[in-house]
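Colleague: I'd like to learn how to read a structure like this one, feature by feature. Could you walk me through it?

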Amino acid sequence: MSRQMSETQLREEIVRVTHIMAKQRLARSSDGNISVRLDDDCFLITPRSMYKMSLQPEDLVIVDAEGQMVEGREGMRPTSETAMHMEVYRQRPDVNAVLHAHPPYATALTIVGIPFPTEYLPEVLIALGPVPTAPYARPQTVALAESIREPIREHNNVLLSHHGSISVARTLEKALINLERIEHTAYTYFLTRSLGDPIPLPDEELTGLAEVGAAGDY
């Protein structure tokens, strides 16, 4: 992504996606954070404690691979979840964008201990694949980064127990698409359970859908 977009364009893209995320209520107030890769050693990331709808391109800061701030406007500090973002980039050199949000319906699943429902909607296995839940870890700690270390190696989307979600991709828009699908799936499942007992797709269909998803045909 860094080869296709300039730093100025990436700053604008982060702001665009942040505003979309806030308008869709996937993160509220100053919650959630976003980063993108500038190169192998530098990352553009959202600042700490800023109201999402107020974010402007010049508010973003640059950190190194250790999460230390190397450039930013006076008074700005990188998000308190920087360690989690850096852990993703260490584990996934193929990833250029990380999006941490607080989607309410998907988060609610983790609070009551319900696994993410992959067996009901065809597009889930095709477009998302399995979405595991990482064990609970306190926000703003190294433990949170450690909690996603294993699942993020094999999955592009992980729910954070009692705390939201993280989606990673080659582009920020793709990460946003995944986040929207996660929340739509959780919301549909919520509606389904209010009507009756959900009926899963047959096992052979689930296998076929997973194969389509693995082939990247969606």
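Modeller: Gladly. Let's begin with a term for residue classes: Ala, Val, Leu, Ile, Met, Phe, Trp, Tyr, Cys and Pro count as nonpolar, Asp, Glu, Lys and Arg as charged, and the others, Gly among them, as polar. Keep in mind as well that this is a predicted model.

Colleague: Then how does the lining of the largest pocket divide by class?

Modeller: Its residues split into eight nonpolar, seven polar and seven charged. There are 22 lining residues, and A127, L128, N156, K174 and N178 lie nearest the centre of the pocket. The elements giving two or more residues to this lining are α4 (122–128), β8 (164–169) and α7 (172–195). The space in the largest pocket is about 470 Å³.

Colleague: And what volume does the second largest pocket have, and which residues lie nearest its centre?

Modeller: Its volume is about 200 Å³. It has 16 lining residues, with S30, N33, T79, S80 and Q140 nearest the centre. By class, that lining holds two nonpolar, ten polar and four charged residues.

Colleague: N33 brings me to strand β1. How should I read burial there, and why is β1 described as largely enclosed?

Modeller: The general idea is a cut-off: a residue is buried when its relative accessible area is under 20%. In β1 (residues 33–37), five of the five residues are buried, so the strand is largely enclosed by the rest of the structure.

Colleague: Which strands does β1 pair with, and in what sense?

Modeller: For pairing, look for at least two bridges between two strands. β1 runs antiparallel to β5 (residues 97–101), and four bridges join them. With β2 (residues 42–45), β1 pairs over three bridges, again in the antiparallel sense. β1 and β2 form a hairpin, with four residues between them.

Colleague: Let me try a residue in a helix. Is V15 buried or exposed?

Modeller: Apply the cut-off again: V15 has 8% relative accessibility, so it counts as buried. V15 sits in helix α1 (residues 7–23). Once its neighbours within four places in sequence are set aside, V15 is in contact with L55, Q56 and P57.

Colleague: Last topic, aromatic rings. How many aromatic pairs does the structure hold?

Modeller: It holds four. To read a pair, check the angle between the ring planes: under 30 degrees counts as stacked, over 60 as edge-to-face and the rest as tilted. The rings of Y105 and F190 have centres 5.2 Å apart and planes at 55 degrees, so this pair is tilted. The pair links distant parts of the chain, with Y105 in helix α3 (residues 104–112) and F190 in helix α7, 85 residues apart.

Colleague: What are the relative accessible areas of Y105 and F190?

Modeller: Y105 has 30%, so Y105 is partly exposed. F190 is partly exposed as well, with 46%. Together with Y187, these residues form one aromatic cluster.

Methods
Residues numbered from 1 in each chain as written. Predicted model: local features only at pLDDT ≥ 70, side-chain atom pairs only at ≥ 80, totals over all residues. Heavy atoms only, no water. Buried < 20%, exposed > 50% of the residue type's maximum accessible area, 1.4 Å probe, protein only. 1 Å grid on protein atoms, 1.4 Å probe; cavity = no way out; pocket = protein on both sides within 12 Å on 5 of 7 lines; lining within 4 Å. Points joined across faces, edges and corners; volume = space filled by probe spheres on them. Contact = heavy atoms within 4.5 Å. Phe/Tyr/Trp six-rings, centres within 6.5 Å; stacked < 30°, edge-to-face > 60°.
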